[in-house]
Amino acid sequence: MPTREKEPPQGLQLISATTTTFKSAGPIARFRAARERFGYLMARPLTPYYLILGAALLLVVLGLVMVFSASQSVVVEYGLPMTFFFRKQLIALLLGGAIAVALTRAPVRVLRAAVYPLLFGVVGALVLVAIPGVGVRINGNRNWISLGFFQIQPSEFAKLALLLWAADLLARKQRTHMLDQWKHLLVPLVPGTVVLMMLIMIGGDMGTTMVLIAILFGLLWMVGAPLRLFAATLGIAVVACTALIITVPHRLGRLSCVGVTKPDPSMDCFQALHGLYALAAGGPFGSGLGAGVEKWGQLPEAHTDFIFAATGEELGLVGTLSVLGLFAALGYAGIRVALGTTDPFVRYAAGAATTWIMAQAVVNLGSALGLLPIAGVPLPLFSYGGSAMLSAMCAVGLLLCFARSSPAAKAALAARPRRWRKGANSRFGPVLDRVLPGRKTTARKAPRPPRRER
């Protein structure tokens, strides 16, 4: 007896009906139809892929615009060309985009093979930064290596090295059923992370160290660490961070600026206060691109650490909520990727990459809003900074690669037809093949029917 096909939900039937039927339905039926349609679209296997791709593209494009606008006071002060920072950010974006495309197409086994070369390379670069005369000091921190035309910040790539190494380590231990013992859960994961943090703290980069701690605790949460062990590790981290803040006067001063709303005689909270002034001056729709006032000498680092405040002044509440929405979409898609895979390495790496982007965004946004101390970390995919852009694009490329590697996504890719053929769009076919997920199949082309002779 033939089985009866399952009928689609009522909302999908309503949407699939004619426009007249949809318009004649009541508001409740329309809402149910829209909700069913939205749920159907969000449940599709390739939805996380397109969410990550779309959110990342919108963030980098909007970030480029705001870098150009917020950096005008700096280029005028130092007599630089108007597009100086914009061009450098665009070059970093193009290079990072090429790396992200390569990572998107890379097999997972290739990523796992590159774990230890990347880790040792990052550790070696951090050691070079700590050598006097090699590391470059900017704004009190020695975190850069000068390559002549370009300065690289190895601590930004320490996040990438940590998440790949930790994901590979935990995946191998899970395969051999060693994660049930706390010593195998913590060793060598925690000591290796501490070594990276110590090398970074030699240069004084407390913000990147906090992001590494967030990645570590995200991995321990995903692997299912016992609550007592999780709480003990968290307590040790809190004590260590408190000691690092108390022993350095300028860090303690930044902590005292949390929640400030009025100027103080010492002017220690000048930057935090004017960040709030910029957000308050924006209103609902902002003063317009390029029309911000606080960036002209009142708001330091408006194109880097406080670009969110400059965005709030020029684009208003609508612009800031758009940025927050894009980060929320990126975080949701990353969680979907981590939950939708059966490969432990992919799950841990995707969760760690999502934790990295979200934690760094929270630290930056909290600093701009006066809710957290100023940590000096850029807003991922948005702020000015070549090394930060390259590392963030690598994280996006990894998430896109993992979104394509899930079993459901592979089945969806194999079943979908090509959207472009030879003809009018043939010039764009190779480009779209590299960016959009293509169909992979071993099926042979169907032979053409024989031509009939007249």
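Visitor: How many contacts beyond four places in sequence does the model have for residues 439–443, where pLDDT stays under 50?

Guide: This is a predicted model, in which local features need pLDDT of at least 70 and side-chain atom pairs count only at pLDDT 80 or more, while totals for chains, interfaces and linings use all residues. Residues are numbered from 1 along each chain as its sequence is written, and side-chain values use heavy atoms, with hydrogens and water left out. The term pLDDT is the predictor's confidence in each residue, from 0 to 100, and a contact means heavy atoms within 4.5 Å. For residues 439–443 the model has nine contacts beyond four places in sequence.

Visitor: What does the protein average in pLDDT, and where else is the pLDDT below 50?

Guide: The average is 85, and 86% of the residues score at least 70. Residues 1–6 have a pLDDT below 50, and this stretch has zero contacts in the model beyond near neighbours in sequence.

Visitor: How many helices and strands are there in the protein?

Guide: Helices (H or I, at least four residues) and strands (E, at least two) are DSSP runs, numbered from the N terminus. The protein has 20 helices and three strands. Of the contacts between residues at least 6 apart in sequence, 69% join residues at least 24 apart.

Visitor: Which residues does UniProt place under the feature "transmembrane region"?

Guide: UniProt positions are given in the numbering used here, with shortened feature names, and annotations may be inferred rather than shown by experiment. The unreviewed entry lists several such regions, including residues 114–136 and 381–403. In the model, residues 114–136 are 70% helix and 9% strand, with the end C-alpha atoms 28 Å apart. Residues 381–403 are 78% helix and 0% strand, and their end C-alpha atoms lie 19 Å apart.

Visitor: Which residues make the nonpolar surface patch of about 280 Å²?

Guide: Patches are made of residues with over 30% relative accessible area and no salt bridge; like charges are joined within 9 Å, and nonpolar side chains (Val, Leu, Ile, Met, Phe, Trp, Tyr) within 5 Å. Accessible areas come from the Shrake-Rupley method with a 1.4 Å probe, and for residues only the protein chains shown count as cover. Here the patch consists of Val127, Leu128, Ile131 and Val134. Ile131 sits in the loop between helix H8 (115–130) and strand S1 (135–138).

Visitor: How many salt bridges does the structure hold?

Guide: Side chains of opposite charge can pair when their charged atoms come close. A salt bridge is a side-chain nitrogen of Lys or Arg within 4 Å of a carboxyl oxygen of Asp or Glu. The structure holds four. One of them joins Lys159 and Glu156 (2.8 Å, N to O); both residues lie in helix H9 (residues 154–175), three residues apart, about one turn of the helix. Lys159 is buried at 1%, and Glu156 is buried at 2%.

Visitor: Which residues are linked in a network of salt bridges?

Guide: The network links Arg112, Asp168 and Arg172. Arg172 and Asp168 meet at 3.1 Å, N to O. Arg172 is partly exposed at 30%, whereas Asp168 is buried at 5%.

Key: Buried < 20%, exposed > 50% of the residue type's maximum accessible area, 1.4 Å probe, protein only.
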